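User: I have a model loaded and a few things to check. Can we go through it piece by piece?

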Amino acid sequence: MGKNESGSIDTDFLHRLVRELDIGRFFHIAAEGLATHLGADGAALMVCEKPDRLRYRFFHGLPAPYQSLAAHSFSDRLGLAGAALHAREPIFVTDYAKSPYALPEYVASGLKASLCSPVMADGRVLAILAVSWFHIPKRLPGPADTRMIALITDFVGTALHRYHTEQRLRELAMHDPLTGAANRNLFFDRLNHAMTMAIRRERLLAVITFDIDNFKMINDKLGHAMGDALLLEVRLRVQDLIRASDTLARLGGDEFALLLEDVNRYAEIETVIERIRQVLRIRWGTATLQIATSISLGFTVYPVDTGDDQTLLHHADTAMYDAKRAGGNRSLLFTNAMALSAAHKGDLILEFGRALEQGELVLYYQPMVEIATGRVISAEGLIRWRHPNHGLLSPPQFMGAIEHAYNSLKLDAWVIAEALATLARWQARGIMKKRHINLSTSSIENHRFCETLRRTLAASFAAIDPHSLGIELVEWSAIQDIDAARALIMDCRALGVSVALDDFGTGYASLQHLRSLPIDSIKIDRGFVGELTREPADRILVQSMISAAQAFGIEAMAEGIETEEQNQLLIAMGCKYGQGYLFAPPLTEESLWVTCF
Ligand code: C2E
Ligand code: CA
Ligand code: CA
């Protein structure tokens with residue numbers, strides 16, 4: 001806009017102004033137009049910050065020292081800007097140094113006259129537009145100038161308002177509104193940057209994903225508001241123990257992702273993971289109904305894992321799902337064997353029928369022992385798939401793929417038949433040990449299961465005593481349909497087959513099930529056993545499980561005993577039976593024979 005003595009407004013300038021979308025350039029055009037129009041030297045915009053502060057944001061034509069003011073905020077009661085803000089109208093001073101608003105720095109900078117005009121939107125002062133003269137103004141602003149100032153101030157207000165809205169939208173676009181954690185977009189942004197930095201600085205980074213094992217149960221039993229509140233609690237607890245440079249994101253539902261950058265040693269990652277698992281053991285709920293939470297966590301480490309950003313997240317996810325399938329309440333590092341299970345999931349479903357028919361499935365057996373003496377009392381059948389291309393696959397690598405009800409039922413039928421066949425072989429050799437088998441969720445819901453079991457028992461050529469068979473139901477799946485589970489347990493027991501509740505302690509209100517489900521034994525989840533010597537809270541939990549089981553006349557058995565120290569603690573707590581690597585890993589039938597007898 002050219003200098004306009006008449007004070008009328010240059011429409012060309014206005015056109016340029018309203019079309020400008022960038023707030024910085026917008027202010028530059030507005031300030032230049034206004035300063036030229038008024039014969040001033042420069043202008044600045046000071047924005048209001050909470051609480052009661054102002055900060056310089058944009059400058060036009062001001063001496064260099066002014067620019068450094070942007071680094072600090074100052075009281076919104078100070079000087080001419082403060083006065084205009086609280087008067088909510090423009091104030092013009094011609095002899096700045098003598099005015100009541102004079103501030104020494106500005107006087108020293110040579111400021112001769114100044115105009116401050118509040119920028120309003122929605123009835124709030126958003127900012128102060130300041131126009132500065134470093135010479136005595138040639139003329140005082142007239143009525144047309146006042147209109148011009150009001151108009152430009154108004155434009156600046158609209159632009160600033162739009163800018164704030166866009167900022168907020170951008171914030172929202174990068175964050176999860178429920179918990180305030182980063183969202184998927186921001187996570188990938190940070191991950192990409194971190195991957196570049198990791199290579200340049202020769203550091204590691206970890207991509208971790210986790211979700212809450214029984215979140216659905218929490219929503220169902222406690223209501224969605226409590227579920228949402230738990231997600232926020234999870235965000236706050238995890239945020240508290242990571243560094244500001246790490247990124248926590250919520251990817252949807254109850255799934256979170258965490259990016260740990262700038263890692264020097266692998267052990268650092270494990271430490272963080274251990275702490276996350278600890279702080280997320282929350283008892284959530286009301287005074288009368290509390291649900292114990294635990295998480296399943298998967299992670300992968302770059303550049304050990306060489307995938308791109310999407311692949312890294314996918315790999316962490318794969319490990320997380322495997323952790324969940326292995327019973328939850330645990331963390332797993334991604335391995336290539338898991339990639340195989342993810343990549344070939346589709347194939348595995350198709351191949352499973354063939355595997356069953358062609359005898360590619362085998363049951364390994366892990367001894368179950370009297371822990372004080374090591375005497376073997378039974379053996380738990382754990383399935384393995386001797387895959388012609390992929391080698392020996394263990395359940396976490398393929399169970400997910402074949403969880404489809406039809407396949408699981410066929411699998412369960414095969415497992416029963418196989419376990420009974422080995423029982424017969426063993427009994428023929430005079431060994432009267434028990435067998436335990438794992439049952440899938442579909443069988444719990446299948447009314448015909450016990451009939452199948454009865455017929456298989458009757459059909460086995462050597463008369464097998466049903467008392468030598470025990471079935472294991474994962475606590476978690478048993479309580480999805482507790483009535484169906486109860487019916488199944490009663491039917492099995494009527495046949496003489498004993499029933500154990502597997503992965504005990506990972507479900508909700510576990511101790512209640514001792515009363516409501518007519519089971520013979522519980523198998524304390526190996527997540528608790530693993531923490532026994534480190535985590536006092538777990539010691540108390542395990543002790544209460546053992547004591548409660550004793551009170552109900554139910555056997556307690558510990559899973560995953562790996563050290564003598566854990567074993568001694570369990571013995572002292574009154575636990576009689578257990579299994580774990582301390583005694584023996586899952587073995588083939590022949591090795592079991594050689595090892596145990
Ligand atoms: P589970 O029933 O809890 O089986 C125990 C798992 O812990 C087994 O994993 C076993 O190898 C592992 N384990 C045993 N001792 C230790 C130890 O000292 N430390 C550690 N860290 N782990 C130990 P596996 O064989 O991979 O089986 C995983 C899960 O797959 C089983 O968990 C079970 O839920 C399921 N599964 C296994 N076989 C069958 C089956 O024939 N049918 C069905 N439906 N599910 C099965
Ligand atoms: Ca089991
Ligand atoms: Ca278990």
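User: Is Cys 492 buried or exposed?
Analyst: This is a predicted model. In it, Cys 492 is buried, with a relative accessible area of 0%.

User: And which cysteine sulfur is closest to the sulfur of Cys 492?
Analyst: That of Cys 450, at 3.7 Å, which is too far for a bond. The cut-off for a disulfide is 2.5 Å between the sulfur atoms.

User: How many disulfides, then?
Analyst: The count is 0. Cys 450 is in no disulfide.

User: Cys 450, buried or exposed?
Analyst: Cys 450 counts as buried, at 9% relative accessibility.

User: Switching to the metals. What are the protein donors of the calcium ion (ligand 2)?
Analyst: Glu 380 through OE, Asn 438 through OD1, Glu 472 through OE and Asp 502 through OD. They lie 2.1 to 2.3 Å from the ion.

User: How are those donor residues spaced in sequence?
Analyst: The pattern is E-x57-N-x33-E-x29-D. Asn 438 sits in strand β17 (residues 434-438) and Asp 502 in strand β19 (residues 498-504). That pair is 64 residues apart and links distant parts of the chain.

User: Asn 438 and Asp 502: which is buried, and which is partly exposed?
Analyst: Asp 502 counts as buried at 5% relative accessibility. Asn 438 is partly exposed, with a relative accessible area of 24%.

User: Which residue coordinates both the calcium ion (ligand 2) and the calcium ion (ligand 3)?
Analyst: Asp 502 coordinates both, and the two ions are 4.2 Å apart.

How values were computed:
Residues are numbered from 1 along each chain as its sequence is written. Chains are lettered from A and ligands numbered from 1 in the order in which they are written. This is a predicted model: local features need pLDDT of at least 70, side-chain atom pairs count only at pLDDT 80 or more; totals for chains, interfaces and linings use all residues. Side-chain values use heavy atoms; hydrogens and water are left out. Donors are N, O and S atoms within 2.8 Å of the metal (3.2 Å for Na, K and Ca); water is not among the atoms, so sites may look incomplete. Helices (H or I, at least four residues) and strands (E, at least two) are DSSP runs, numbered from the N terminus. Buried means under 20% relative accessible area, exposed over 50%, partly exposed in between (1.4 Å probe, protein chains only).
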